[in-house]
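Reader: I would like to learn how to read the features of a helical model. Please take me through them one by one.

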Amino acid sequence: MILYSCILLPVSAIFAILSFKIYNGKTELIHDYHQTNVKDKEAYGKGFGKALGVIAAGIFLSGIVGLLGDSNTIAIAAVIVLFAGLFAGLWCIYRVQKKYNSGIF
């Protein structure tokens, strides 16, 4: 599980950095296709950045759970936390896309 955590913790840092940059206005990090109908880029960036932050938090928490031990129960818990965080973050991205882009694409 230490390898799992050694992979997920830096990945969560990358997602957190991207989240921070998008939240602070670098919406060009999001593909233009996803911003076709967006009128308020600032609010869109803040919403998308928060949603990406949820994904980063889920990945980070999963990595932390992975550090708690090497049992199968810990491994299953870490994967459950990972998928819960990814699902929550993707749901938030879906909501932001629906609100600011009038659709997911």
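Author: What follows is a short tour by question and reply.

Author: This is a predicted model, where local features need pLDDT of at least 70 and side-chain atom pairs count only at pLDDT 80 or more, while totals for chains, interfaces and linings use all residues. Residues are numbered from 1 along each chain as its sequence is written, and side-chain values use heavy atoms, with hydrogens and water left out.

Reader: Start with the core. Which residues of the largest nonpolar core touch the most other members?

Author: In soluble globular proteins, nonpolar side chains tend to be buried together. A nonpolar core is a set of buried Ala, Val, Leu, Ile, Met, Phe, Trp, Tyr and Cys residues joined through side-chain atoms within 4.5 Å. Buried means under 20% relative accessible area, exposed over 50%, partly exposed in between (1.4 Å probe, protein chains only). Here the largest core has 13 residues, and I22, I30, Y44, F48, I55, I59 and I93 touch the most other members.

Reader: Which elements give two or more residues to this core?

Author: They are α1 (2-23), α2 (41-66) and α3 (72-101). The largest share, 6 residues, comes from α2. Helices are DSSP runs of H or I with at least four residues, numbered from the N terminus.

Reader: What does I93 touch?

Author: Contact means heavy atoms within 4.5 Å. Not counting residues up to four places away in sequence, I93 touches F48, A51 and I55.

Reader: Now the rings. How many aromatic pairs does a search of the whole structure find?

Author: A pair of aromatic rings is described by the distance of the centres and the angle of the planes. Rings of Phe, Tyr and Trp (its six-membered ring) pair if their centres lie within 6.5 Å; planes under 30 degrees apart count as stacked, over 60 as edge-to-face and the rest as tilted. The search finds 3 pairs. Take Y44 and Y100: their centres are 6.2 Å apart and their planes at 75°, so the pair is edge-to-face. This pair links distant parts of the chain, with Y44 in helix α2 and Y100 in helix α3, 56 residues apart. Y44, F48 and Y100 form one aromatic cluster.

Reader: Is Y44 buried or exposed?

Author: Y44 counts as buried, at 0% relative accessibility.

Reader: Where does the charged end of K46 sit?

Author: A charge sits over a ring if NZ of Lys or CZ of Arg is within 6 Å of the ring centre and within 35 degrees of the ring normal. The charged end of K46 sits over the ring of Y23, 4.3 Å from its centre.

Reader: How many salt bridges does the structure hold?

Author: A salt bridge is a side-chain nitrogen of Lys or Arg within 4 Å of a carboxyl oxygen of Asp or Glu. The structure holds 1. E28 forms a salt bridge with K26, and the closest N and O atoms are 3.3 Å apart. E28 counts as exposed at 53% relative accessibility, and K26 is partly exposed at 38%.
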